[in-house]
Amino acid sequence: MVGVDVDEEGLRETASVLGEAFVPVGGDVSARATHERAADAAESAGDLTGWVNNAGIEIDGRAEEVRDEALERTLAVNLAGTAYGCAVAVRRFRAAGMPGAIVNVSSVHAVAAFPASFAYDASKGGIDALTRQVAVDYGAAGIRCNAVRPGAIDTP
């Protein structure tokens, strides 16, 4: 199992708990190269057959309040990060001639608006849309793509 995070200390803690079965990859999911490194690490351990896009950030703010940096960062991590993960996984599955499964972690925010969640709601709605698109484009090749929509989760 490979895990990616920008939090190097958190990765070390996770690795100490999970042991040798866990391969930590430090990096920012808003960069395609991070996903490529994660896929390389996974393939070095065996066939890549599954992929989970689970990174997300929430920066509160209504449309009139959101700063450019906050909007760009939220969309980069939540939406572009998921898109890069899907793209890398699909390419690797197809190159190996393998079926595969992708799970994208969306949110109840994708289908219900919440106060002061302008950027986050938009990013999660986009995840649902790209999930459908990957499923339509690659389902016939044996690549499944689904999203889950959890509610509020308290994380650091």
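This is a predicted model: local features need pLDDT of at least 70, side-chain atom pairs count only at pLDDT 80 or more; totals for chains, interfaces and linings use all residues.
Residues are numbered from 1 along each chain as its sequence is written, and side-chain values use heavy atoms, with hydrogens and water left out.

Three strands make up an open sheet in the order 3-4-5, with parallel pairing; helices (H or I, at least four residues) and strands (E, at least two) are DSSP runs numbered from the N terminus, and two strands pair if DSSP finds at least two bridges between them. Strand 3 (50-53) and strand 5 are the edge strands, each with a single partner, so one side of each has no neighbour in the sheet. From one strand to the next the twist averages 15°; axes are lines fitted to C-alpha atoms, for helices over the stretch in contact, and angles run from 0 to 180 degrees between N-to-C directions.

Strand 4 (residues 100-105) pairs with strand 5 in the parallel sense over six bridges. Between these two strands the chain passes through helix 4, and this β-α-β crossover is right-handed, a term that applies if, with the strands pointing away from the viewer, the path from the first strand over the helix to the second runs clockwise. Along this pair, Ile-102 has Cys-145 of strand 5 as its bridge partner, and Val-105 stands opposite Val-148 in strand 5.

Helix 3 lies across strand 3, strand 4 and strand 5, at about 175° to strand 3. Helix 4 lies across strand 4 and strand 5, at about 160° to strand 5; contact means heavy atoms within 4.5 Å.

The largest nonpolar core has 15 residues, and Leu-48, Trp-51, Cys-86, Phe-93, Ile-102 and Val-134 have the most contacts inside it. Such a core is a set of buried Ala, Val, Leu, Ile, Met, Phe, Trp, Tyr and Cys residues joined through side-chain atoms within 4.5 Å. Two or more residues each come from helix 2 (32-45), helix 3 (68-95), helix 4 (118-138) and strand 5 (143-148), with the largest share, five residues, supplied by helix 3. Beyond its neighbours within four places in sequence, Ile-102 touches residues including Trp-51, Cys-86, Phe-93, Val-134 and Cys-145.

Three further residues round out the picture. Ser-123, in helix 4, is buried at a relative accessible area of 0%; buried means under 20%, exposed over 50%, and partly exposed in between (1.4 Å probe, protein chains only). Neighbours within four places aside, Ser-123 is in contact with Thr-74, Leu-75, Asn-78 and Leu-79.

Val-6, in the loop between strand 1 (2-5) and helix 1 (8-18), is exposed at 54% relative accessibility. Although Val-6 and Gly-27 are 21 residues apart in sequence, their C-alpha atoms are 4.9 Å apart.

Ala-116 belongs to the loop between strand 4 and helix 4 and is partly exposed, at 27% relative accessible area. Ala-116 has a positive phi of about 55° without being a glycine. Most residues other than glycine have a negative phi.
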